[in-house]
Amino acid sequence: MSFDVIIIGAGPGGIFSAYELVQKNPKLKVAVFEAGHALNRRKCPIDGKKIKSCIGCKSCSIMSGFGGAGAFSDGKYNITNDFGGTLYEYIGKAQALDLMHYIDEINLCHGGQGTKLYSTAGTRFKTICIQNDLHLLDASVRHLGTDINYIVLENIYAYLKDKVTFFFDTPVLDVKALEQGYEIVCEKETHHGRYCIVSVGRSGSKWMETICKKLDIHTKSNRVDIGVRVELPSNVFAHLTNELYESKIVYRTEKYGDKVRTFCMNPKGAVVNENTNGIITVNGHSYEDPAKQTENTNFALLVAQHFSEPFKDSNGYGESIAKLSNMLGGGVIVQRFGDLIGGRRSTPERIRDAFITPTLNATPGDLSLVLPKRILDGIIEMIYALDHVAPGTANEDTLLYGVEVKFYNMEVEVDSNLESRYPNLYIIGDGSGITHSLSHASASGVHVARSIVQKTQSVL
Ligand SMILES: Cc1cc2nc3c(=O)[nH]c(=O)nc-3n(C[C@H](O)[C@H](O)[C@H](O)COP(=O)(O)OP(=O)(O)OC[C@H]3O[C@@H](n4cnc5c(N)ncnc54)[C@H](O)[C@@H]3O)c2cc1C
């Protein structure tokens, strides 16, 4: 079949490309190809009873399908250039922020109304942080929550389904550059598009690498973030989370000068397993619905590892560390902060005796056998620094789950329209290595859609 625009991947990048295309030029024939299932068919088989761990489904319902990796996320849309990607380097800071606000409006119109927008503007915590050698990054954050985020996706799909042709359970195997447009090759058929937007996210990173090699599109990669997820009683961070919801705090370690940062804060949330290419790592969720909330708050503490030549496989390095925790713990390891500092492993008894109930059933163990010393020292330093702004963080019973890894896609060479060296072939979202968040990925989708609409208006 032939389309004006083919979009590969139905994560936020792909969804908002499609949304903006049909909004701005309803005459365009748009198709979306998605390796995973439609939203209503996305269900992870792990139920904690019959199926306790990953069984390696052909398409992982957590990472793939309509809504992409963010479908079951906490739905935190951070409106900022300070983190979440480097889209602003391509399209300018003002334009990037405008697009993120635009995405926010769309989410509000599709079920997100009534959710709270938090902001660091004018907060006294900025001063308190600086006084304690910590740096609070500027952001506004719309917290949809896992439940509302899903409803927004349902509503956007309902809006798009009659205007766009969706091909679910249809991984694209190859993209071929033709004289006029692009041929995309699927298992059973091929399709043709004059414009092609590639938005394959983190789960499509290996495929993206192959396509870039084949099409000789330049890429670079040198970063991975490694750390732990911290879980503590929600009242320890309540003064921060009540006002800001998510605080991104950065600390530079005294010992090595490394930067450690808080990431993905989930007030009254739960710690969860995450499966990346068969490796079990840790993440966190929280809900708007008070009935689903817990008594704990969790957030990640991550140390960015940048590598220089000749080492290129930063993601492989992160995977190897996560594999170590899987080898020792059969999955994620949990350790009390007091046990880590005391140089002993946590045992089921010590976890049971703690004044906090873990929200994830992880294996009690010893994270110092897993994490490199430099990373672990940085995390410990930061926990003591955070204890000054949120007393109780360095409590003996604070739980540390490992390993949390943030993998980064290699950065693909594109211009300010996010267009590759092939005309009308766009690479966006987390798959481009330029974005790492819902709001930046979504904004990149709107940006390319507008660029295509502009071109088609002069041609069609
Ligand atoms: C558990 C979890 C929680 C998160 N929470 C947050 C949060 O609160 N806030 C935030 O900002 N970010 C969060 N993130 C990150 C956020 O989800 C991503 O940054 C965002 O989804 C990226 O959007 P994307 O469209 O670029 O890629 P994705 O969302 O990864 O979507 C890419 C899609 O492409 C499909 N695909 C891949 N390869 C192919 C192929 N060859 N053919 C066809 N389809 C293909 C995939 O199946 C996938 O559905 C979270 C991520 C996870 C995993």
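Predicted model: local features only at pLDDT ≥ 70, side-chain atom pairs only at ≥ 80, totals over all residues.
Select residues 333-336 for E18 and 399-407 for E20; the two pair in the antiparallel sense over 4 bridges. Zoom in on Ile 333, which stands opposite Gly 402 in E20.

Stay on Gly 402. The peptide bond from Gly 402 to Val 403 is cis, with omega near 10 degrees. Val 403 itself lies in strand E20.

Now look at the other partner of E18. Select residues 363-364, strand E19. E18 and E19 pair in the parallel sense, over 2 bridges. Here the bridge partner of Ile 333 is Thr 363.

Show the side chains of E18. Which ones point together? Ile 333 and Gln 335 point one way, Val 334 and Arg 336 the other way. All four residues named here are buried. In a regular strand, side chains alternate between the two faces of the sheet.

**The sheet around E18**

Zoom out. E18 belongs to an open sheet of 8 strands with mixed pairing, in the order E5-E13-E14-E17-E12-E20-E18-E19. Which strands stand at the edges? They are E5 (134-136) and E19; each has a single partner strand, so one side of each is left without a neighbour in the sheet.

Move to E14 (residues 259-266) and E17 (residues 296-306). They pair in the antiparallel sense over 5 bridges.

Next, select helix H8, residues 314-329. H8 lies across E12 (223-233), E17, E18, E19 and E20. Its direction runs at about 150 degrees to E20.

**Two loop residues**

Go to Lys 268, in the loop between E14 and strand E15 (270-276). Its phi is near 50 degrees, a positive value in a residue other than glycine. Is Lys 268 buried, exposed or partly exposed? Lys 268 has 18 other C-beta atoms within 10 Å, so it is partly exposed.

Then pick Asn 424, in the loop between strand E21 (411-412) and strand E22 (425-427). Asn 424 also has a positive phi, of about 70 degrees, although it is not a glycine. Asn 424 counts as buried because it has 20 C-beta neighbours inside 10 Å.

Now turn to another open sheet.

Select E4 and E6 (residues 140-143). The pairing is antiparallel, over 4 bridges. Lys 116 stands opposite His 143 in E6.

**Helix H3 and its partner**

The axes of H3 and H5 come within 8 Å and cross at roughly 95 degrees. That makes H3 roughly perpendicular to H5.

Show the contact. From H3, select Asn 107, His 110, Gly 111 and Gly 112; from H5, select Ile 148, Ile 151, Val 152, Asn 155 and Ile 156. By class, this contact has 4 nonpolar, 5 polar and no charged residues.

Now colour H3 by burial. Its buried residues are Ala 96, Leu 99, Met 100, Ile 103, Asp 104, Ile 106, Asn 107 and Gly 112. Look down the axis of H3: the buried residues fall within an arc of 165 degrees, so they line one face of the helix. An α-helix has 3.6 residues a turn, so residues three or four places apart point the same way.

Past the end of H3, stop at Gly 114, whose phi is positive, near 95 degrees.

**Last stop: strand E9**

Select residues 182-185. Tyr 182 and Ile 184 form the covered face of E9, Glu 183 and Val 185 the uncovered one.

E9 pairs with E8 (residues 174-177) in the antiparallel sense over 4 bridges. Val 175 stands opposite Ile 184. The hairpin of E8 and E9 has 4 residues between the strands, and in it Gly 181 takes a positive phi near 90 degrees.

E9 also pairs with E10 (residues 190-198), again in the antiparallel sense over 4 bridges. Finish at Ile 184, which stands opposite His 191 in E10.

Conventions: Residues numbered from 1 in each chain as written. Buried ≥ 20, exposed ≤ 12 C-beta atoms within 10 Å, placed from the backbone. Pairing = 2+ DSSP bridges. Axes fitted to C-alpha atoms, helices over the stretch in contact; angles between N-to-C directions. Parallel < 35°, antiparallel > 145°, perpendicular 65-115°, else oblique. Contact = placed C-beta atoms within 7 Å. Nonpolar A, V, L, I, M, F, W, Y, C, P; charged D, E, K, R; others polar. Arc of directions from axis to C-beta.
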